[in-house]
Amino acid sequence: QVQLVESGGGLVQAGGSLRLSCAASGSSFRINAMGWYRQAPGKQRELVAAFTSGGSTNYADSVKGRFTISRDNAKNMMTLYMNNLKPEDTAVYYCNAQGWIASSLRPFASWGQGTQVTVSS
């Protein structure tokens with residue numbers, strides 16, 4: 001199994017910045033897609049930003065120009081830099097990773113436990 005642990009959420013005023021981190025751990029594995037999702041109260045979980053299996057990045061239109069995703073493959077870590085935060089960015093942010101277990105070549109898809117981001121107006 002592959003475990004994902006997020007960190008870095010918190011409370012920030014509108015216009016402020018936060019950095020979220022996601023660390024993957026477990027038995028030998030390979031990640032081919034990794035991304036951030038968020039879920040606000042009463043709403044469905046939505047994509048925020050992600051690295052696709054093809055190596056490109058996707059961003060939700062609502063965060064383009066404000067959020068940046070980065071990845072450290074050697075450390076199996078991913079970071080989301082969030083700038084110019086708005087109250088509508090308030091949500092629980094989840095890390096997601098997909099890939100396969102090296103020893104068995106079985107695929108996996110894991111979610112982190114989520115981290116709360118609250119932006120006050």
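**Entry 1: tryptophan 111**

I looked up the contacts of tryptophan 111 (contact means heavy atoms within 4.5 Å) and, leaving aside its neighbours within four places in sequence, I found Leu4, Tyr37, Arg45, Tyr94, Cys95 and Asn96. I note here that this is a predicted model, in which local features need pLDDT of at least 70, side-chain atom pairs count only at pLDDT 80 or more, and totals for chains, interfaces and linings use all residues. Residues are numbered from 1 along each chain as its sequence is written, and side-chain values use heavy atoms, with hydrogens and water left out.

Tryptophan 111 belongs to strand S10, residues 107–111; helices (H or I, at least four residues) and strands (E, at least two) are DSSP runs, numbered from the N terminus. With a relative accessible area of 41%, tryptophan 111 is partly exposed, where buried means under 20% relative accessible area, exposed over 50% and partly exposed in between, for a 1.4 Å probe and protein chains only. I also checked aspartate 61, which is 50 residues from tryptophan 111 along the chain, and the C-alpha atoms of the two are separated by 23 Å.

**Entry 2: the disulfide**

I searched the whole structure for disulfides (a pair of cysteine sulfur atoms within 2.5 Å) and the search gave 1. It is formed by cysteine 22 and cysteine 95, with their sulfur atoms 2.0 Å apart. Cysteine 22 lies in strand S3 (residues 18–26) and cysteine 95 in strand S9 (residues 91–101), so the pair ties together parts that are 73 residues apart in sequence. The torsion about the S-S bond of cysteine 22 and cysteine 95 is about -75°, so I recorded the disulfide as left-handed. Both cysteine 22 and cysteine 95 are buried.

I then took leucine 80 by itself: leaving aside neighbours within four places in sequence, leucine 80 is in contact with Leu18, Arg19, Leu20, Trp36, Val48, Ala49, Phe67, Thr68, Ile69 and Tyr93.

I followed the strand pairing, in which two strands pair if DSSP finds at least two bridges between them. S4 and S5 run antiparallel and are joined by 5 bridges, and methionine 34 stands opposite phenylalanine 51 in S5. These two strands form a hairpin with 6 residues between them, and glycine 42 in the turn has a positive phi of about 80°.

S5 is also joined to strand S6 (residues 57–59), by 3 bridges, and this pair runs antiparallel. Here I found asparagine 58 in S6 as the bridge partner of alanine 50. The hairpin of S5 and S6 has 5 residues between the strands, and glycine 55 takes a positive phi near 95°.

**Entry 3: salt bridges**

My last search, again over the whole structure, was for salt bridges (a side-chain nitrogen of Lys or Arg within 4 Å of a carboxyl oxygen of Asp or Glu), and it gave 4. Arg38, Glu46, Arg66 and Asp89 are linked in a network of such bridges, which I went through pair by pair.

Glutamate 46 pairs with arginine 38, the closest N and O atoms being 2.7 Å apart. Glutamate 46 is partly exposed, at a relative accessible area of 36%, whereas arginine 38 counts as buried at 5% relative accessibility.

Aspartate 89 also forms a salt bridge with arginine 38, with the closest N and O atoms 3.0 Å apart. This pair links distant parts of the chain, since aspartate 89 is in the loop between S8 and S9 and arginine 38 is in strand S4, 51 residues apart. Aspartate 89 counts as buried, at 0% relative accessibility.

Arginine 66 forms a salt bridge with aspartate 89, where the closest N and O atoms are 2.8 Å apart. Arginine 66 lies in the loop between S6 and S7 and aspartate 89 in the loop between S8 and S9, so this pair ties together parts that are 23 residues apart in sequence. Arginine 66, at 8% relative accessibility, counts as buried.
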